[in-house]
Amino acid sequence: MNFNEKFNKDLIQGLKDEKYLGKYLELFYKCKVIDYNPNNNNEYDIRIIIGGKEELLELKTDRYEFYKNKITNNLFIETMCSSKPSGIKTTKSTIMAYFYPEQEKVYLIRTSVLKDFISSNGATLRYTTGCGDGGRTSGFLINKIEYQNIFKVLDINKIDIRQEL
């Protein structure tokens, strides 16, 4: 599979994952999904109302959390793609959501908190280059077990909502 085929496959799956998370949040967290980014750009993925407040979510799905057949427990925070700022540096989201379907978990964190965390801890975090999107992406790796206290972790295996999508 060439780069474009893989990108398109991942994009289609990512859009499905956005709908899945949106439905989950509506069912279990009394959120109202306003929309899924109609422009499909880098500003946000899901716009919701929760607790009377509008929030913008950016969803990152990791279906490849293995390295040499071992789970890494790493969460990748994208900062650059094709030598340009991307990911956490360009999103307009208020909440970042990292979805691990194999583990049935979603890690949520306020975008501002994550930016502050990286700013304060960047020197001790591993920065990696040559990652996804054909090796064009760079960013920080955060061990989601070691730093789980900065995330709200949702266990999403409560029910199978795929039939309702």
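This is a predicted model: local features need pLDDT of at least 70, side-chain atom pairs count only at pLDDT 80 or more; totals for chains, interfaces and linings use all residues.
Residues are numbered from 1 along each chain as its sequence is written, and side-chain values use heavy atoms, with hydrogens and water left out.

What about the aromatic rings? Rings of Phe, Tyr and Trp (its six-membered ring) are taken as a pair if their centres lie within 6.5 Å; planes under 30 degrees apart are called stacked, over 60 edge-to-face, and the rest tilted. By this rule there are seven aromatic pairs. Tyr20 and Phe99 make a stacked one, because their ring centres are 5.9 Å apart and their planes sit at 20°. This pair links distant parts of the chain, with Tyr20 in helix 1 (residues 3–29) and Phe99 in strand 8 (residues 95–100), 79 residues apart. Helices (H or I, at least four residues) and strands (E, at least two) are DSSP runs, numbered from the N terminus.

Phe117 and Tyr147 go the edge-to-face way, because their ring centres are 5.0 Å apart and the planes are at 70°. Phe117 belongs to helix 2 (residues 111–121) and Tyr147 to the loop between strand 11 and strand 12 (152–155), so the pair ties together parts 30 residues apart in sequence. Both Phe117 and Tyr147 are buried. Elsewhere, ring pairs join Tyr24, Phe28 and Tyr29 into a cluster.

Two lysines also meet aromatic rings. A charge is said to sit over a ring if NZ of Lys or CZ of Arg is within 6 Å of the ring centre and within 35 degrees of the ring normal.

Six strands form an open sheet in the order 1-2-3-8-9-12, with mixed pairing; two strands pair if DSSP finds at least two bridges between them. Strand 1 and strand 12 are the edge strands, each pairing on one side only. From one strand to the next, the twist averages 30°, with axes being lines fitted to C-alpha atoms (for helices over the stretch in contact) and angles running from 0 to 180 degrees between N-to-C directions.

Strand 1 (residues 32–36) runs antiparallel to strand 2 (residues 46–50), over four bridges, and Asp35 stands opposite Arg47 of strand 2. Strand 2 in turn is joined by five bridges to strand 3 (residues 53–61), again antiparallel, and Ile48 faces Glu55 in strand 3. The hairpin of strand 2 and strand 3 has two residues between the strands, and Gly51 takes a positive phi near 60° there. Strand 8 and strand 9 (residues 105–110) are antiparallel too, over six bridges, and Phe99 has Val106 of strand 9 as its bridge partner. Helix 2 packs on the sheet, touching strand 8 and strand 9, and its direction makes about 80° with that of strand 9.

Finally, Thr137 lies in strand 11 (residues 137–143) and counts as buried at 3% relative accessibility. Neighbours within four places in sequence aside, its contacts (heavy atoms within 4.5 Å) include Phe76, Met80, Cys81 and Cys131.

How values were computed: Buried means under 20% relative accessible area, exposed over 50%, partly exposed in between (1.4 Å probe, protein chains only).
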